[in-house]
Amino acid sequence: MPFKRPRRTLISASLTALMTLGLFLVTTSAQPNELPDKIVLIAHPSVGTLKVHRDTVRAMFAMRQRTWPNGQAAQVFVLPNRDPVHGRFTKEQLGVYPHQLQLAWDRMVFSGMGQAPNRVRDQAEMRERVAGTPGALGYLEREYLDESVLVISME
């Protein structure tokens, strides 16, 4: 004779499965902008641009494009290569590894065709330098944001 579970156990197991599925759907359907540790692109408020194409941002961080789309000179700020936020930004937002960016910067500097971006020690310094430099571009985790910098979305 096959084993039969009591009806109450089946209902309890079904409710647990539904609750687990609901929790999974809620956590996986969250928009990237809702994530508290999301890294965002920031700029000096004088830039006045709220959206920039991802290819433009990649070119600016690779130091191949030295101006904003409106013609204003760009000053790029980055965290140290070993900083986990820098690694996440380059991989998640730019689609390259930090060492690939470093190689591009080194080629520009050693060939005499350009310069490397400005380095900052930490996210607090990143916010201060971007807020104080017209045309500046950088990135921060959301928790470091304040009204002194402009958040720019990538399209």
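I started with helix 5 and listed its buried residues: Gln123, Glu125, Met126, Arg127 and Val130. Buried here means under 20% relative accessible area, with exposed over 50% and partly exposed in between (1.4 Å probe, protein chains only). Helices (H or I, at least four residues) and strands (E, at least two) are DSSP runs, numbered from the N terminus.

A note on the source: this is a predicted model, where local features need pLDDT of at least 70 and side-chain atom pairs count only at pLDDT 80 or more, while totals for chains, interfaces and linings use all residues. Residues are numbered from 1 along each chain as its sequence is written, and side-chain values use heavy atoms, with hydrogens and water left out.

Next I asked what covers those buried residues of helix 5. The cover includes strand 1, strand 3, helix 3 and strand 5. I also checked the start of helix 5, where a side-chain oxygen of Asp122 comes within 3.3 Å of the backbone nitrogen of Ala124.

Then the core. The largest nonpolar core holds 35 residues, and Leu41, Phe61, Trp68, Met126 and Tyr139 have the most contacts inside it. Such a core is a set of buried Ala, Val, Leu, Ile, Met, Phe, Trp, Tyr and Cys residues joined through side-chain atoms within 4.5 Å. Strand 1 gives the most to this core, five residues.

Helix 3 against helix 4 was my next stop. They pack at an angle of about 90°, with axes 9 Å apart; the axes are lines fitted to C-alpha atoms over the stretch in contact, and angles run from 0 to 180 degrees between N-to-C directions. So helix 3 is roughly perpendicular to helix 4, a label for 65 to 115 degrees (under 35 is roughly parallel, over 145 roughly antiparallel, the rest oblique). Helix 3 brings His86, Gly87, Thr90 and Leu94 to the contact, and helix 4 brings Pro98, Leu101 and Trp105.

I found Met63 in the loop between helix 2 (54-61) and strand 3 (75-78), and Met63 is buried, at 6% relative accessible area.

Last, the overall tally. The chain has five helices and six strands, and buried residues make up 36% of its 155 residues.

Key. Contact means heavy atoms within 4.5 Å. A polar contact is a pair of N or O atoms within 3.5 Å; within protein, one must be able to donate a hydrogen and the other to accept it, and residues adjacent in sequence count only if both atoms are side-chain atoms.
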